[in-house]
Amino acid sequence: MPALSQQELAQRRLADATGIDQDAIKHGKNIKSIYVYEAPIRVWHWINATAIVVLCLTGYFIGSPPPTISGEASANYLMGYIRFAHFSAGYVLAVGLLGRIYWAIAGNHHARELFVIPVFQKAYWREVLVMVRWYLFLIPQPNQYVGHNPAARLAMFVGYFLLTLFMIVTGFALYGEGAQMGSWQEWMFGWVIPLFGQSQDVHTWHHLGMWLMVIFIVMHVYAAIREDIMGRQSMVSTMISGRRTFKE
Ligand code: HEM
Ligand code: HEM
């Protein structure tokens, strides 16, 4: 069998990934778009992103409060508003994650990619390596994927899902401390503070988690926009319309 050119290899990979006939891909037929992210995923993504931005901003000010405001204490409620926004966004994040987990069960198979990593599949790790090399500018072309690319999937599992679980558990533990005995937050998460040692330890780890989240967001937004420009498929518009289009 004659050796395949780079382009033919890419067409074959795309055919494998999409299930569309390779001949059709070759002649540019049929590839209009593939529906990947269903509406609940997209709505959740943008609500979740907004909640996390609010949590990082208000969390930062909880850790480093703005300078004292002059006037009667009873006339100012700035920290109260900041904390209220933080807790409200915290509930949006937590309830949103529960809804997202439900959609992983009810939705299409791409909806499960955020929660399950095929750790025992050699081919998966090979593809992760390809994408890491692409991000490091070591190879001229990335592969094409219908859902998340394998490196993005890993980053989202560790940098988003596990980290968000950690933030929710530590956040509600701190909330439970304020709400005290008898509150559901204390009843459910009362074990967390003793596990870490004392309240300040949980504050410190929760605070550190914010900076890890900031790192995730910077890398995530950079990667999404970079893929849109340099990659071989649509990205940002896919999280808006739900449809993935391929450049070849
Ligand atoms: C706080 C900010 C953000 C967080 C925490 C976040 C988190 C996530 C998560 C968890 C996913 C996986 C979605 C799923 O499988 O259900 C995702 C996907 C995605 N996000 Fe974000 N996101 C944020 C902001 C943004 C922004 C500002 C953009 C656009 C510039 C963006 C573009 C995308 C794209 C394009 C995908 C799909 C990637 C793919 O198809 O492989 N995100 N995001
Ligand atoms: C991405 C998610 C989150 C981020 C980035 C975040 C960030 C922060 C930060 C930086 C602090 C200040 C810690 C310190 O230095 O003492 C804080 C405090 C706190 N957070 Fe979060 N948080 C998140 C999620 C949550 C959630 C889900 C809850 C649950 C309601 C929550 C509840 C709290 C509470 C109760 C405090 C302490 C408030 C106080 O001492 O006045 N957080 N958060």
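A residue is called buried if 20 or more other C-beta atoms lie within 10 Å of its own, exposed if 12 or fewer do, and partly exposed in between, with C-beta atoms placed from the backbone. The model is predicted, so local features need pLDDT of at least 70 and side-chain atom pairs count only at pLDDT 80 or more, while totals for chains, interfaces and linings use all residues. Residues are numbered from 1 along each chain as its sequence is written, and chains are lettered from A and ligands numbered from 1 in the order in which they are written.

**Exercise 1.** Decide whether Phe137 is buried or exposed, and describe its phi.

Solution. Begin with the location: Phe137 lies in the loop between helix H5 (122–135) and H6, where helices are DSSP runs (H or I, at least four residues) numbered from the N terminus. Next, apply the count: Phe137 has 8 C-beta neighbours inside 10 Å and therefore counts as exposed. Finally, its phi is near 60°, a positive value in a residue other than glycine. Most residues other than glycine have a negative phi.

**Exercise 2.** Describe how H4 and H6 cross.

Solution. The axes, which are lines fitted to C-alpha atoms over the stretch in contact, with angles running from 0 to 180 degrees between N-to-C directions, come within 11 Å and cross at roughly 135°. That makes H4 oblique to H6, since angles under 35 degrees count as roughly parallel, over 145 as roughly antiparallel, 65 to 115 as roughly perpendicular and the rest as oblique. In the contact (C-beta atoms, placed from the backbone, within 7 Å), Phe87, Gly90, Leu93, Ala94 and Leu97 of H4 meet Thr164, Ile168, Gly171 and Tyr175 of H6.

**Exercise 3.** Find which residues come nearest to ligand 2, and which helix gives the most to its shell.

Solution. A residue is near a molecule if its C-beta atom, placed from the backbone, lies within 6 Å of it. Of the 24 residues around ligand 2, Gly59, Gly63, Gly90, Gly171 and His203 come nearest. Helix H3 (39–63), helix H4 (78–106), helix H6 (150–179) and helix H9 (199–230) each supply at least two residues of this shell, and H3 gives the most, with seven residues.

How values were computed
Two residues are in contact if their C-beta atoms, placed from the backbone, lie within 7 Å.
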